[in-house]
Amino acid sequence: MGEPETQTENREEVQAESLVLQRLREQFGQALLEVKVWRNETTVVVRPQDIQGVCRFLRDDPDLAFDFLSDVTGVDRLKLPESSPRFEVVYHLYSLPHKRRLRLKVRVGEGESVPTVTGVWETANWHEREVYDLFGVPFDGHPDLRRILMPDDWEGHPLRKDYPVEASPKWWEEEPA
Amino acid sequence: MTPSHTMTLNMGPQHPSTHGVLRLVLELDGEVVVRCVPHIGYLHTGIEKGLESKRYQQGIPLTDRLDYLAPLSNNLAYVLAIEKALGITVPERAQTIRVLLTELTRIKSHLVWLGTHALDVGAMSVFFYCFREREQILDMYEAVSGQRMMSTYFRVGGLVADLPPGFEQQVQAFLAAFPDRLADYEALLTQNPLWRQRTVGIGTISREDAIALGLSGPALRACGVAYDVRKAHPYSGYERYQFDVPLGKIGDVYDRYMVRMAEMRQSHRITLQALARLQPGPINVADPKLLPPPRHLLKKSMEALIHHFKLYSEGFSVPPGEVYQAIEAPKGELGVYLVSDGSARPYRVHYRAPSFVNLQGLSRMVEGRLVADVIAVIGSLDIVLGEIDR
């Protein structure tokens, strides 16, 4: 778009962000696969096996205190330029005392599972069920991993990119695209 | 193993006091709820999938259908997320109109909550009064957009049209009468012993549990947690308005009632300020790639004709990246997570629906309580299945 960057860098915010990154680097140096800041939002990609430890640290460290999990969702990267590993599970953390947001991500391939964070934030329960239901990413150690929006006997995972937008499952099986 | 003396009762999905197609499986010991398992998904319409297949502007009408009691809040979260990814800010007048209308939306949404919640608990007349006032806000929706419910009024980069003549007087007339109306509802309920018996100390949830369960909006603030996205991360110029964030103490049904009643007063206050701030000016960003040119230019300007054609045949593209934009919707933190691959359609859109998360707290609030309290607690959560099931 022709629009120039209109966002002003808030110095205080940038310092606060770097505090989060600094603490994460100290604690989990090799586990941070990627760090990205875009539009004043920080994204950190970690290895699936580290997600529970990173979350627990972020929640319990008093300087960070990410006590509120806003959201967990998934992305199927099948049609992105970089499509392997295929799935991304995205966590949106929020710190009520420090008014700060952070986006965490893990990447897994087809059939691989992600450790659950229900032990860190109870609210992850339904969010993870939704990711499992709509993307087919299983969560290890989840207390109640069932489909949540689709019927229990549904075939396929509708938010995958190779799932057609308009189709009934039967039709889809009879006429592969 | 289920002990033999408990009974399993299916409540919903066709039950008037579950506020839509919510189904609860209740395990009862006499009249006491031992376990409550919600089943959702009956209204799943694949809105997130649908948004991926539509161009950015085309998706806005779909978002109306999430929380259909507050369509403009859903519009706002979506267009703000796209505007954040584009790196643009809309002109002042558009921001003020957005604040004005989303605060009216909050009042409208809270009126439906109050009416139906009171009806569930047995106070019939409140329902009629609330819907009388809501009708006036629906008339305003109709005046600005031509639609009473699915308004689709906001656009990426501004608004679809400016306010119609006489709109400000219409809002002023409503605002002048509203505080008295609100006092009427409170006179019917706040000190009513029957109302208090059904709500005080019912469905209590602790501050710690509410945070762990991710509750937001009035359900969280009723526990005394002062988290309001409008204050914590102002958008659309909320930092310029004077308003308070009402808080409760113990997080029971009555606190949630009091918080929402006070919020309507604050929304009234913000709406008055927004009216006073309304100055003539542009309502759209001056970018012909985002918004269609004025109609009269199409017959004179080749440029305008080309822009018009390109906008409606290809749409506009958003730079690759991802953003999360949260707003304070009537039900709580409404977040939009947008992933762009640089094309004219969103690669992925996810709605963090406040009702979805708040409903997760239901089991915690009703287990160990009477089955009649389940009705009162559902009413106090103010859920809309449209955004839960998406």
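# A tour of chains A and B

Start with α3(B) and α4(B). Select Leu72(B), Ser73(B) and Leu76(B) in α3(B), then Arg98(B), Leu101(B), Thr102(B) and Thr105(B) in α4(B): the two groups meet. Such contacts are pairs of residues whose C-beta atoms, placed from the backbone, lie within 7 Å. Helices (H or I, at least four residues) and strands (E, at least two) are DSSP runs, numbered from the N terminus.

This is a predicted model, in which local features need pLDDT of at least 70 and side-chain atom pairs count only at pLDDT 80 or more, while totals for chains, interfaces and linings use all residues. Residues are numbered from 1 along each chain as its sequence is written, and chains are lettered from A and ligands numbered from 1 in the order in which they are written.

**Stop 1: two crossing helices**

Now show the whole of both helices. α3(B) covers residues 71-86 and α4(B) covers residues 92-121. Their axes come within 8 Å and cross at roughly 140 degrees. (Axes are lines fitted to C-alpha atoms, for helices over the stretch in contact; angles run from 0 to 180 degrees between N-to-C directions.)

**Stop 2**

Look at β6(B) and β7(B). Nine bridges join this antiparallel pair.

**Stop 2: where chain B touches chain A**

Bring chain A into view. The contact takes 39 residues from chain B and 34 residues from chain A. On the side of chain B, the elements that give two or more residues include α1, α3, α8 (207-212) and α13 (354-359). The strands β6 (321-329), β7 (332-340) and β8 (348-352) of chain B are also among them. Which element gives the most to this side of chain B? That is β7(B), with four residues.

**Stop 3: the sheet of chain A**

Five strands of chain A form an open sheet in the order β1-β2-β5-β4-β3, with mixed pairing. β1(A) and β3(A) stand at the edges, each with a single partner strand, so one side of each is left without a neighbour in the sheet. The twist averages 20 degrees from one strand to the next.

Go to β3(A), residues 68-76. Is this strand mostly covered or uncovered? It is mostly covered: nine of its nine residues are buried. (Buried means 20 or more other C-beta atoms within 10 Å of a residue's own, exposed means 12 or fewer, and partly exposed lies in between, with C-beta atoms placed from the backbone.) Eight bridges join β3(A) to β4(A), residues 87-95, and the two run antiparallel. Pick Val75(A), whose bridge partner in β4(A) is Glu88(A). Then pick Val72(A), whose partner in β4(A) is Tyr91(A).

Move to β1(A), residues 32-38, and β2(A), residues 41-46. They pair in the antiparallel sense over six bridges. Lys36(A) stands opposite Thr43(A) in β2(A). The two strands form a hairpin with two residues between them. In the turn, Arg39(A) has a positive phi of about 55 degrees.

**Stop 4: a largely enclosed helix**

Return to chain B and select α15(B), residues 371-381. Nine of its eleven residues are buried, so α15(B) is largely enclosed by the rest of the structure. Among the buried ones are Val374(B), Ile375(B), Ile378(B) and Leu381(B). Next comes Asp382(B), whose phi is positive, near 55 degrees.

**Stop 5: a loop residue**

Find Gln58(B), in the loop between α1 (47-52) and α2 (60-64) of chain B. Gln58(B) is partly exposed, with 14 other C-beta atoms within 10 Å.

Zoom out. Chain B has 16 helices and eight strands. Its C-alpha trace spans about 80 × 50 × 35 Å along its principal axes. Of its 390 residues, 52% are buried. Among its contacts with a separation of 6 or more, residues 24 or more positions apart account for 68%.

Methods
Pairing = 2+ DSSP bridges.
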